[in-house]
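Trainee: Could we go through this structure together? I would like to begin with the terms.

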Amino acid sequence: MDNVQPEGKKQIALNIVNAKSKHKGFGAGSIDLNNVSPVIIDDGVAVIDIGAMHAKSKVEKGIKFSTNREDVPAGRQVWLVWVAVDRTAEGQYYAGLTACEMWIDSEARRGWKILADHVNKLDASLKRKIIVEGLGAGEKEALKALLISHNEDWWAASPDELKAALSVQGQ
């Protein structure tokens, strides 16, 4: 999740160009994806998987996805969580957190997800929203542990709303 660039190299961002905007060159009107990371939560284990940025995470590779949930009757629930990091004068912190559901049947090489939901949740995370509905206690604990172990200072500086969203009853 660190934003480290080789010296002298321009930072790449996704340019947004449409009929209403006049494109003014490199980086104009862009969404910076350098401050967001995808986390996959599978079977209670949370890992940062940069491949998920392009729907090529370890669990997604080789899977044919459908938008019909009934196509994956023997699937297991897997979560993609978009984690956005922001910076203040005091330092960086976890700012946005959104969870997207998938169902994957590795044996049958079939899966279910709604790509539009994944894109909208990525956008929401970049806008510093916190949406973790659907995550169970185990997933929340795994995600919280990953975020703390990745950078304890970022966790400490994160807003109370984010910390509360990942707290489990009784903790």
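Mentor: Helices (H or I, at least four residues) and strands (E, at least two) are DSSP runs, numbered from the N terminus. Residues are numbered from 1 along each chain as its sequence is written. This is a predicted model, in which local features need pLDDT of at least 70, side-chain atom pairs count only at pLDDT 80 or more, and totals for chains, interfaces and linings use all residues.

Trainee: Where does Pro73 lie?

Mentor: Pro73 is in the loop between β5 (64-66) and β6.

Trainee: Is Pro73 buried or exposed?

Mentor: Pro73 is exposed, as its relative accessible area is 70%. With a 1.4 Å probe and protein chains only, buried means under 20% relative accessible area, exposed over 50%, and partly exposed in between. In space, Pro73 and Trp112 are 9.8 Å apart, C-alpha to C-alpha, while 39 residues separate them in sequence.

Trainee: How many helices and strands does the chain have?

Mentor: The chain has four helices and nine strands. From the N terminus on, the order is β-β-β-β-β-β-β-β-α-β-α-α-α.

Trainee: What share of the chain is buried?

Mentor: Of the 171 residues in the chain, 38% are buried.

Trainee: Which residues touch the most other members of the largest nonpolar core?

Mentor: They are Val39, Ile41, Val81, Tyr94, Leu97, Leu143 and Leu147, in a core of 22 residues. A nonpolar core is a set of buried Ala, Val, Leu, Ile, Met, Phe, Trp, Tyr and Cys residues joined through side-chain atoms within 4.5 Å. The elements giving two or more residues to this core are β3, β6 (76-88), β7 (91-105), α2 (137-150), α3 (152-157) and α4 (160-165). Apart from this core lies another, of 14 residues, including Val36, Val78, Leu122 and Leu126.

Trainee: What does Val81 touch?

Mentor: Leaving aside residues up to four places away in sequence, Val81 touches Ser37, Pro38, Val39, Ile41, Leu97, Thr98, Ala99 and Leu143. Contact means heavy atoms within 4.5 Å.

Trainee: How far apart in sequence are the residues that contacts join?

Mentor: Among contacts between residues at least 6 apart in sequence, 62% join residues at least 24 apart.

Notes. Side-chain values use heavy atoms; hydrogens and water are left out.
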